[in-house]
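Work through the exercises below with the sequence and the 3D structure at hand. Try each task before reading its solution.

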Amino acid sequence: MSRAKEIAKKNALRLKRKKRVRGNITGTSEKPRVTITKSNKYVSAQVIDDVAGNTLAAVNSRTLGLNVTKESASKAAAKLAEDLKAKNIDTVVFDRNGYLYHGVVAAFADALRENGIKL
């Protein structure tokens with residue numbers, strides 16, 4: 001199998017997981033949804049109120065001057081937790097966006113918990 005086909009298959013499986021997970025979770029104004037997106041270079045996250053259709057907060061490792069590592073994901077999560085506390089939000093629903101829960105995604109979620117945000 002060629003490398004392009006392997007990548008296409010991996011992405012198709014991620015999108016299938018994303019669809020399955022997103023069917024069960026929704027963000028509200030009291031308990032918004034935190035969704036994470038990652039690329040080969042950066043990691044970003046948004047806090048979304050699905051009922052109103054608003055983005056409440058967002059963070060991107062690129063604007064923080066960080067590349068995608070577990071440490072940079074932790075720093076980005078700490079910044080996001082700081083923004084959430086300023087808006088009096090302490091409980092969120094975590095949407096891993098179809099990514100497997102390990103590495104950068106797990107580090108991001110753990111850092112949110114360490115900074116006082118309940119998942």
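This is a predicted model: local features need pLDDT of at least 70, side-chain atom pairs count only at pLDDT 80 or more; totals for chains, interfaces and linings use all residues.

Residues are numbered from 1 along each chain as its sequence is written, and side-chain values use heavy atoms, with hydrogens and water left out.

**Exercise 1.** Find which residues of the largest nonpolar core touch the most other members.

Solution. Start with the terms. A nonpolar core is a set of buried Ala, Val, Leu, Ile, Met, Phe, Trp, Tyr and Cys residues joined through side-chain atoms within 4.5 Å. Buried means under 20% relative accessible area, exposed over 50%, and partly exposed in between, with a 1.4 Å probe and protein chains only. The largest core has 24 residues, and those touching the most other members are Val34, Leu80, Leu84, Phe94, Phe108 and Leu112. Next, locate the suppliers: β1 (33-38), β2 (43-49), β3 (54-60), α2 (70-86) and α3 (104-114) each give at least two residues to this core. These elements are DSSP runs numbered from the N terminus, helices being H or I of at least four residues and strands E of at least two.

**Exercise 2.** Describe how the rings of phenylalanine 94 and tyrosine 101 are arranged.

Solution. Rings of Phe, Tyr and Trp (its six-membered ring) pair if their centres lie within 6.5 Å; planes under 30 degrees apart count as stacked, over 60 as edge-to-face and the rest as tilted. The structure holds 1 aromatic pair. The centres of phenylalanine 94 and tyrosine 101 are 6.4 Å apart and the planes stand at 85 degrees, so the pair is edge-to-face. Phenylalanine 94 is buried, at 17% relative accessible area, whereas tyrosine 101 is partly exposed, at 40%.

**Exercise 3.** Is arginine 33 buried or exposed, and which side chain does it join in a polar contact?

Solution. Arginine 33 is in strand β1. Its relative accessible area is 7%, so arginine 33 is buried. A polar contact is a pair of N or O atoms within 3.5 Å; within protein, one must be able to donate a hydrogen and the other to accept it, and residues adjacent in sequence count only if both atoms are side-chain atoms. Such a contact, of 2.9 Å, links the side chains of arginine 33 and aspartate 50.

**Exercise 4.** Decide why α3 can be called largely enclosed.

Solution. Count first: 8 of the 11 residues of α3 are buried, so the rest of the structure largely encloses this helix. Among the buried ones are Val104, Phe108 and Leu112. Then look at the packing, where contact means heavy atoms within 4.5 Å. The buried residues of α3 pack against β1, β2, α2 and β4 (93-95).

**Exercise 5.** Compare the setting of asparagine 88 with that of asparagine 97.

Solution. Most residues other than glycine have a negative phi. Asparagine 88 has a positive phi, near 60 degrees, and asparagine 97 has a positive phi of about 60 degrees. Asparagine 88 sits in the loop between α2 and β4, while asparagine 97 sits in the loop between β4 and α3. Asparagine 88 is exposed, at 71% relative accessible area, whereas asparagine 97 counts as buried, at 8%.
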